[in-house]
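Hello,

Here is the structure I said I would pass on. My notes follow below it.

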Amino acid sequence: MSDTLPLLKGTLDLLILKALSVEPMHGYGLSVWMERGSNGQILVEDSAIYQALRRLEGKRFVEAEWGVTENNRRARYYRLTALGRRHLGDEARTWRQYVHWVGELLEAGDGAPS
Amino acid sequence: MKAYRRLAHLIWRGRKSRSRETDEEIDAHLEMRIADLVAAGMSEDEARRWALARFGDLRKARRRIRSAAKRRDRRLARVELAHSVRRDLRVAVRRFRSSPARAVFGICIFGVGIGLTTVMFTFVDNVLVRPLPFPGPERLVALFSVPEDGPAFPWVSMGNWYDWQRDNRTLESSAIYSSQPRDVTVRDEDGAFTAPGVSVFGAFFETLGMPMVAGRAPTESAVADDPDMVVVSEAFWRNVRAERRPAT
């Protein structure tokens with residue numbers, strides 16, 4: 001896993017919220033979603049996903065319910081709440097601005113950003 | 001009601017169900033990952049190794065996820081409590097607005113209930129729980145007359161008391177007082193006023209163990225000399241003195 005990108009603090013929560021904004025998923029589904037979506041570049045220990053999910057449940061951004069997978073296996077499905085959706089919007093905006101300005105600063109060379 | 005049940009569930013969900021939730025979820029996760037890897041052509045053993053490596057140290061992970069779940073439940077319980085309290089308050093305000101008379105009636109009932117309970121408690125506390133404000137209160141007893149054919153009377157005749165006094169072999173000392181309060185007229189330079197008083201007879205202050213702060217004690221011989229002798233409380237004495245003191 002050494003040639004993958006380290007996950008910045010707070011990003012995991014954001015990515016989970018994004019994934020769940022499309023459809024309810026279980027933890028394994030989230031892991032696969034991140035791996036495939038980033039072409040294998042963003043990898044987290046699977047256990048970190050479950051810790052993040054508990055945290056997001058506590059903040060009432062997601063809700064969980066036991067369900068059954070396509071292969072008839074019991075799994076805990078997570079769903080985005082209205083509160084979570086709002087939070088995702090805010091966080092995504094902040095993140096984009098952050099990325100934009102960090103990029104600008106890095107491109108600036110010696111002088112001030114253009 | 002549903003909210004309270006949910007709250008109770010959050011509080012009592014407890015360790016056992018949290019660790020069951022975590023274990024079951026981790027097992028499902030590993031199984032799914034292994035199944036996918038096997039489907040992609042890996043051997044079962046290899047797939048298991050991979051899945052475990054991807055998950056991270058299983059023991060540590062379990063502990064961390066469980067404690068995250070505990071924090072989650074605590075947090076949710078707090079939020080739920082705040083919500084239900086707010087909801088109840090809203091309902092209360094709405095009910096009050098829709099029928100204020102009934103609400104006021106309800107509040108009065110509560111008020112009376114609380115008042116009566118307080119009175120009852122104060123009574124029980126003063127009479128039964130808190131000791132009398134005299135030295136050796138456990139050695140103080142009250143005596144009543146008991147006629148042969150009836151309940152105890154809450155009073156004693158003077159004659160009976162004299163007989164008890166004479167034949168007594170149990171009590172260190174005894175005194176008698178009148179349960180009828182008697183207003184006493186007090187006169188000083190400015191005029192007269194009345195103060196509540198009680199008639200007592202016998203070694204009253206000696207029996208209670210209350211020494212005189214000043215002046216003579218109303219012993220039997222002292223009373224024989226001066227039948228109208230009066231004992232005032234320290235508070236009364238101070239107040240009258242304070243009122244008499246000229247304003248400076």
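M25(A) is buried, because its relative accessible area is 11% and buried means under 20%, exposed over 50% and partly exposed in between (1.4 Å probe, protein chains only). This is a predicted model, in which local features need pLDDT of at least 70 and side-chain atom pairs count only at pLDDT 80 or more, while totals for chains, interfaces and linings use all residues; side-chain values use heavy atoms, without hydrogens and water. Residues are numbered from 1 along each chain as its sequence is written, and chains are lettered from A and ligands numbered from 1 in the order in which they are written.

M25(A) sits in the loop between α1 (11–22) and α2 (27–37) of chain A; helices (H or I, at least four residues) and strands (E, at least two) are DSSP runs numbered from the N terminus. Not counting residues up to four places away in sequence, M25(A) touches several residues, including W33(A), R76(A) and Y78(A), where contact means heavy atoms within 4.5 Å.

R54(A) is in helix α3 of chain A. With 1% relative accessibility, R54(A) is buried too. Leaving aside neighbours within four places in sequence, R54(A) is in contact with R76(A) and Y78(A), and with residues of chain B, among them E21(B), E25(B) and R72(B).

R60(A) lies in the loop between α3 (46–58) and β1 (62–68) of chain A. R60(A) counts as partly exposed, because its relative accessibility is 34%.

Regards
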